[in-house]
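Visitor: Please pick one part of this model and look at it closely, residue by residue, before widening the view to what surrounds it. I would like the criteria behind each term stated as you go.

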Amino acid sequence: MLPTTLSLVGAVILILDIFAIVSVLLGSSDVVRKLLWIVVILLLPLVGMVLYFLIGRSGADARL
């Protein structure tokens, strides 16, 4: 039972990370800032995604 639950949690985190990376790429930031956010999201999957959605998005990007 536990491995299935962990796999499900991992799949959800992967989907949310992909969503965050797509959001970064569609944002209006410059290329260097986009690359830095993508690296943070890839190195720290859960924390990086949360940080991006809390502090990384500009007001214009939040509407996407």
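Guide: Leaving aside its neighbours within four places in sequence, I38 is in contact with I21, V24 and L25, where contact means heavy atoms within 4.5 Å. This is a predicted model, in which local features need pLDDT of at least 70 and side-chain atom pairs count only at pLDDT 80 or more, whereas totals for chains, interfaces and linings use all residues. Residues are numbered from 1 along each chain as its sequence is written, and side-chain values use heavy atoms, with hydrogens and water left out.

I38 itself lies in helix α2; helices (H or I, at least four residues) and strands (E, at least two) are DSSP runs, numbered from the N terminus. With a relative accessible area of 15%, I38 is buried, a label that requires under 20% relative accessible area, while exposed means over 50% and partly exposed covers what is in between (1.4 Å probe, protein chains only). The C-alpha atom of I38 is separated by 8.4 Å from that of A20, and these two residues are 18 apart along the chain.

Two packed helices are described by the angle between their axes and the distance between the axes. The axes of α1 and α2 (residues 31-43) come within 9 Å and cross at roughly 175°; axes here are lines fitted to C-alpha atoms, for helices over the stretch in contact, and angles run from 0 to 180 degrees between N-to-C directions. That makes α1 roughly antiparallel to α2, given that angles under 35 degrees count as roughly parallel, over 145 as roughly antiparallel, 65 to 115 as roughly perpendicular and the rest as oblique. On the α1 side the residues are D17, A20, I21, V24 and L25, and they meet K34, W37, I38, I41 and L42 in α2. By class, the contact of α1 with α2 holds 8 nonpolar, no polar and 2 charged residues, with Ala, Val, Leu, Ile, Met, Phe, Trp, Tyr, Cys and Pro counted as nonpolar, Asp, Glu, Lys and Arg as charged, and the others, Gly among them, as polar.

I38 and I21 are also members of the largest nonpolar core, whose 8 residues are A20, I21, V24, W37, I38, I41, M49 and Y52. Such a core is a set of buried Ala, Val, Leu, Ile, Met, Phe, Trp, Tyr and Cys residues joined through side-chain atoms within 4.5 Å. The elements giving two or more residues to this core are α1, α2 and α3.

The axes of α2 and α3 come within 5 Å and cross at roughly 140°, and residues of α2 including W37 and I41 meet residues of α3 including M49 and Y52. This contact of α2 with α3 divides into 10 nonpolar, 2 polar and 1 charged residues. The axes of α1 (residues 2-26) and α3 (residues 45-56) come within 10 Å and cross at roughly 40°, and α1 and α3 are therefore oblique to each other. In α1, S23 counts as buried at 8% relative accessibility and touches Y52, F53 and R57, not counting residues up to four places away in sequence.

For the chain as a whole, there are 3 helices and 0 strands, and 23% of its 64 residues count as buried. Among contacts between residues at least 6 apart in sequence, 48% join residues at least 24 apart.
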